[in-house]
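The following paragraphs lead through the architecture of one protein chain. Please keep the sequence and the coordinates in view while reading.

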Amino acid sequence: MKSLHLLSSVFCLAALALVARAANVPPLMYGAAWYPEQWPEAQWDADLSRMQAAGLNMVRIGEFAWSSLEPSEGNYQLDWMERAVAAAARHGLVTIVGTPTDTPPAWLTTKYPEVLRVSEDGKQLQHGSRRHFSTASAKYRELCAKIVTQLAQHFGKNPNVVAWQIGNEFTEDSFDDEARRGWHLWLEKRYGSLDQLNKHWMTAYWSQTYSEWSQIPMTTGRANPGLLLDYKRYVTDTWLAFQRNQIAVLRAHVEPRQLITTNLGGVGWANRFNRQLIAADYDVISWDEYLGAGYADSSRNGTGHLDPDRSGSTHDLVRGWKQKNFWVLEMPPGFVDWSSVSNSLDRGETRAMAWHAVAHGADCVAYWQWRSALNGQEQYHGSLVGPDGEPVPVYAEAAQAGREFAKAAPVIAGTSPVAEVALIHDYDSRWAIDFNRFSNRYEQLEVLHSYYKALRQQTQSVDIVTPAMDLGRYKLIVAPSLNVVSAELAAKLSAWVEQGGHLVLGPRTGMKNEFNALNTQRQPGPLVATLGARVEQFYALLEDVPVAGERGSGKATVWAETLAPLSADRLSTLSSQLSTAAGAPEVLLRYGTGNDWLTGQPAALRRRVGQGTITYLGAVVDQPLMQTLAKQWIALAKIDSPIIAVPDRVSVGRRVAANREVFILTNFAAGPQEIALPAPMTDVLNGGEVTNVSLPRYGVAVLQRPLTTR
Ligand code: GAL
């Protein structure tokens, strides 16, 4: 009996030791994509030693390795991956395992050709590239669940696996027959009857009326706006079902310690589907930071160098999907291979880019990729070591960031950016406008960035969120192009204003309802009663028009709407979202002469409602005026963020924990900058207390101070 007791104690202790040994996600994770299946096992240790020497603490493996994990159907070969995870652990590296479902193997697509993706023009994709599967295919989902089950059973308790990545950069939707059937079923579920669909899409227009679900086209062309918006939602739901199929398998088998994520594609603003809904399913959301802006007009997409506002806003967008810190699972070490000119980041820029991500709330930075495959489609891509396995020039810079991350990790652990101002980025609205921009000069992301730049310059901390997120935590909410406003959203925003929030609506707000149909109340639709005013007409501008008011003047560019306060009588006929009385709207800006339709008409107005205010700015305005207006909104909302005054292109990110705040400065300006600090702070990277910092071009400073000193 005694010996049995002793034996069970030994077992317990052994089990405890195992649990204790299980690695957690490092507080500041730093890694690279590594493809051990591409290299002889005898070379693994040399690669891993170099990773360790560069300060990496994570490898991301497996996301394209299906043919090595299951060389023929049901023939699972997972041992090599287990040895790779163990080898990485011997070098102090934890592992993120990618499910390999972005690249189904040739035996699979040959045996089950029905899983292959079909492009919109009806062509079925062939084997040999990636993303060649249909997310809607039940067979494909079944095959995905099988391989993921094997992986989950094998690695779900592996102490060195800290996270899972589902697939890789979800992108294209498929137009195969199964997807089309799914679309019709989805519509049937949403509308219940064709009468409802015909009504909301107003299909009497151009004789579109449907008498069978199967008649409804599946297209992204110039179709009914209601159809186009619903198609985007269907695509989102299809991806959700695709990922949930795998997430369910993982949740059933893996320890909760192992986090589940997916890496959303390189241009965070991409909008093939609603990324916030995708993010909601995960423990942590990740994105891949490549430099491009995701503009509707791709010629505006940037230079291959980091623009701190563009990249910064993308990090803030990603952070907003879950309102918490995020991971960057891919960053280019120097350069990519797919740009029109795949120019290199400058010396120093790769390190600054890594720190810039952390400043905006990234708790992980990883490079794509460690070492280029000798063959395959991406031979030219930047890497940290060459085909010989020896460091390339950018390796030293990555290693410098690695040393710095290790030093700063204890200070940064547990901190996150905190913002009192939020910008609204709404997928429905983004799509609704892009289906018909009306003016190709109205580039939504450029409009949004104009607000972002002004607000961030003055607060150094802005969240970018969808209307579905928790808005209660903000004092100021700015919605630049909130085109689709349902009664439900109007009620949420109105209640928030009544309780003391300050809401700023930009042009094109509330033109459409959730079916992408015109709101009969005109803009801002169900918010007219809250605003006490409406938009009389909208105009796409070819030439700038002056705007002026008591508190500022400048130019309306690109877009102008004329506003009209409504009489009390008129307002009393509208169904109001308000529970308290509101005053008369105050006109803030009027158009000057230049365009007769606009001359003298209100361009912006504000109304006090309950404890808060609602402001409508009907024009896209020039940047100096935007700065002036943003300053007023910030003052109105009594936002007093602690900031460090810096010149343009020097970026400041502030991360906060209960007892301390950390400021991370990165200099993307053309030359060195001297920055005076508002109070003494500890220099985390160099030690000592400082009152000013000198930043060379691409220089980085990490500063901290206790929160109590404010
Ligand atoms: C990403 C992708 C990686 C790699 C990289 C090259 O979009 O996730 O697998 O192809 O681009 O820049």
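How many residues of domain 1 are in contact with domain 2, and how many of domain 2 take part? In this predicted model, the contact involves 10 residues of domain 1 and 7 residues of domain 2. The domain assignment places domain 1 at residues 34-261, domain 2 at 421-636 and domain 3 at 650-706. Between the C-alpha centres of domain 1 and domain 2 the distance is 38 Å.

The sheet may be considered next. It is an open sheet of 9 strands with parallel pairing, and the strand order reads β5-β4-β3-β2-β1-β9-β8-β7-β6. Its edges are formed by β5 (259-261) and β6 (263-264), each of which pairs on one side only. Helix α13, spanning residues 394-412, packs on this sheet and touches both β1 (29-33) and β9 (362-367). The direction of α13 makes about 150° with that of β1. Within the sheet, strand β2 (residues 58-61) runs parallel to strand β3 (residues 94-98), and 4 bridges join the two. One of the residues involved is M58, whose bridge partner in β3 is V94.

On the α2 side the contact is made by W44, D45 and L48, and on the α4 side by W80, R83, A84, A87, A88 and R90. By class, the residues of this contact comprise 6 nonpolar and 3 charged, with no polar ones.

The second pair consists of helix α15 (residues 444-459) and helix α19 (residues 623-636), which pack at an angle of about 55° with their axes 9 Å apart. This angle makes α15 oblique to α19. Here, α15 passes α19 in a right-handed crossing. From α15, the contact draws on S450, Y451, K453, A454, L455, Q457, Q458 and T459, while α19 contributes Q623, M626, Q627, A630, K631, W633 and I634. The residues of the contact between α15 and α19 divide into 7 nonpolar, 6 polar and 2 charged.

Note on methods: Residues are numbered from 1 along each chain as its sequence is written. This is a predicted model: local features need pLDDT of at least 70, side-chain atom pairs count only at pLDDT 80 or more; totals for chains, interfaces and linings use all residues. Side-chain values use heavy atoms; hydrogens and water are left out. Two strands pair if DSSP finds at least two bridges between them. Contact means heavy atoms within 4.5 Å. Axes are lines fitted to C-alpha atoms, for helices over the stretch in contact, and angles run from 0 to 180 degrees between N-to-C directions. Ala, Val, Leu, Ile, Met, Phe, Trp, Tyr, Cys and Pro count as nonpolar, Asp, Glu, Lys and Arg as charged, and the others, Gly among them, as polar. Domain bounds come from an automatic or database domain assignment. Angles under 35 degrees count as roughly parallel, over 145 as roughly antiparallel, 65 to 115 as roughly perpendicular and the rest as oblique. A crossing is left-handed if the near helix is turned anticlockwise from the far one by less than a right angle, and right-handed if clockwise.
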